[in-house]
Amino acid sequence: MTESGTVRIANHLAGSAAGEPTVERRNPADPTDLVAVTPASDAAAVTEAVTAAEGAQPGWAALPAPARGTVLMDAAEILRGRHEAAARDLTREEGKTLAEARGEVRRAIDVLRYFGSAGWRLGGRTFPSATPDTTVHTRLEPMGVAGLITPWNFPIAIPAWKMAPALVSGNSVVIKPAELTPVSVRHLTTALTEAGLPPGVLNVVHGKGSVVGEALVADPRVAAVSFTGSTGVGNRIRETVERRHGRVQLEMGGKNAVVVLDDADVEQAAALAAAGGFGLTGQACTASSRIICTPGVHDAFVEALAAQADRYRPADGLVAGTAMGPVVSASQLETDVAAVERARAEGATVVTGGVAPDGLFLAPTVLAGVGPGHSSARDEIFGPVVAVLPAEGLDEAISLVNDSVYGLAASICTRDLTAAQHFVARAQAGVVKVNRPTTGLDLNVPFGGVKDSSTNTFREQGPTAVEFFTWSKSVYLGW
Ligand SMILES: NC(=O)C1=CN([C@@H]2O[C@H](COP(=O)(O)OP(=O)(O)OC[C@H]3O[C@@H](n4cnc5c(N)ncnc54)[C@H](OP(=O)(O)O)[C@@H]3O)[C@@H](O)[C@H]2O)C=CC1
Ligand SMILES: O=C(O)CCC(=O)C(=O)O
């Protein structure tokens, strides 16, 4: 697979013929560049994939965990050899800059390594028994078939951080990647297959979420469903899976706030807010979309953020030096522009941006004078649009942070350790940072949100990620 030309993708199903290639994906920076043609599969392809996964799972689970881990480690090395090609393909299909794409592919490689090495450490605990001549230990058993539904905004890292813990703990996988970004997951699948993953253990079905995704979620043989995407779709998935008593993990939207206190270094705070708000074209569930400023810093901050916005002039992500790529699709651009228009109608000032003069390139947008009831302070936009809200002091700022249905990530810029500690203790968010952007996660740290951002049960990533894909069996061993 190369970074130029069109990739014709078949479903990755054990023993299956390719589906009909009927969906085209074009480069959001250059519509003449046809990136991929994928099958628009139907529910029958899902049934076939789940059957393959069900058949392959016991054999895969019977392998020693270190042997399963070795496959992931080898896949990491294979992907490492294709790092640049995978990064360029990612930029072509999603739009993010090449630097961002390289970082994301690096992350996928490291995720494979991290969970590959976890194969050596998987295990239960031992307990003393109240009964003589008895020992008690727990075993982690795989759930069986894991169904993964992933979004377009991290098209290789998110599939990697769901697949890797599922596979190393002995599950087989059926994944439905986002229709907009089919090539990145193919790089991952190819690496795993070449590393020796047995047929049927990993199955990819391309097609519409409303068709393929719904069929996957509804199949009673899929024991665990892990989803990242919008809150609306996630809630619907939760209903379906819980109705059939399956296990479900949802990572959904955010309306992540950065609080900037009077004592903050304004330039540093603006750089950090811009990185979190305009980096990745604002298309991250952890993106900084609300900035809450106390009075002594408000005006200087708005000015500094507008200056930062100039550095994120949108352009083709493949071109060296581009700081921000295009919006992923015409419909996402429509959402972004409509959100800016609504903010204007509600009385906010568009300090800079708000326009897309050419193609899908939306200028980074700063909104000021935003009130807590405004839609730009409440709704996830998922574009390079940052709303600045005033607050009288720390207490009001924290109330505003928490005045959201979401609770994914929050940050504070301050040099005051006491204020920072108050914030850390009181912010209702699964990820809380001090003097760091809301975006950017360490892959060895548990990740997830509260409120409408997450199912808030099992965390993704880090040492606890395998918990979602396993169940614990208590074994009483007498002699
Ligand atoms: N938290 C996050 O990381 C993300 C949040 N979002 C939010 O969602 C908005 C819309 O983006 P969008 O990509 O449409 O997000 P969706 O939630 O619609 O898509 C996420 C994944 O779910 C699939 N899907 C869609 N409908 C269903 C369904 N009924 N049953 C099962 N799976 C389904 C999608 O398939 P398909 O390929 O057909 O789209 C995709 O693979 C964004 O503007 C943003 O606000 C989006 C992406 C990531
Ligand atoms: O900020 C990050 O690094 C990850 C964000 C994320 O998980 C998402 O947007 O889905």
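Trainee: At which residue does helix H1 bend by about 35°?

Mentor: This is a predicted model, in which local features need pLDDT of at least 70 and side-chain atom pairs count only at pLDDT 80 or more, while totals for chains, interfaces and linings use all residues. Residues are numbered from 1 along each chain as its sequence is written, chains are lettered from A and ligands numbered from 1 in the order in which they are written, and side-chain values use heavy atoms, with hydrogens and water left out. Helices (H or I, at least four residues) and strands (E, at least two) are DSSP runs numbered from the N terminus, and a bend is the angle between axes fitted to the seven residues ending at a residue and the seven starting there. In H1 a proline, Pro-58, follows within four residues of the bend, which is placed at Ala-56.

Trainee: How far does H1 reach from its first C-alpha to its last?

Mentor: H1 covers residues 43-62, which is 20 residues, and the expected span is 1.5 Å times one less than the number of residues. That expectation is 28 Å, and the reach of H1 is close to it, at 29 Å.

Trainee: Is Glu-251 buried or exposed, and what is its relative accessible area?

Mentor: UniProt, in an unreviewed entry, places the feature "active site" at Glu-251; its positions are given in the numbering used here, feature names are shortened, and annotations may be inferred rather than shown by experiment. The residue lies in strand E10 (residues 247-251), and its contacts (heavy atoms within 4.5 Å), leaving aside neighbours within four places in sequence, include Phe-227, Leu-408 and Glu-460. Because buried means under 20% relative accessible area, exposed over 50% and partly exposed in between (1.4 Å probe, protein chains only), Glu-251 counts as buried, with a value of 2%.

Trainee: Which residue in strand E15 is the bridge partner of Cys-293?

Mentor: Two strands pair if DSSP finds at least two bridges between them, and strand E12 (residues 288-293) is joined to strand E11 (residues 256-260) by 5 bridges in the parallel sense, with Val-260 standing opposite Cys-293. E12 also pairs with E15 (residues 385-390), again in the parallel sense, over 4 bridges. There, the partner of Cys-293 is Pro-390.

Trainee: Which strands are the edge strands of the 7-stranded open sheet?

Mentor: The order is E13-E14-E15-E12-E11-E17-E18, and the pairing is mixed. Each of the edge strands pairs on one side only, and they are E13 (349-352) and E18.

Trainee: Which strands stand at the edges of the open sheet of 3 strands, and why is one side of each left without a neighbour?

Mentor: The strands follow the order E4-E5-E20 with antiparallel pairing, and E5 (residues 134-142) is joined to E20 over 9 bridges, Pro-142 standing opposite Thr-470. Each edge strand has a single partner strand, so one side of it has no neighbour in the sheet; these strands are E4 (126-128) and E20 (470-478).

Trainee: What distance separates the C-alpha atoms of Pro-437 and Ala-273?

Mentor: Pro-437 is found in the loop between strand E18 (431-434) and strand E19 (450-451), and at 23% relative accessibility Pro-437 is partly exposed. Leaving aside neighbours within four places in sequence, Pro-437 is in contact with Leu-272 and Gly-276. Pro-437 and Ala-273 are 164 residues apart along the chain, and their C-alpha atoms are separated by 6.4 Å.
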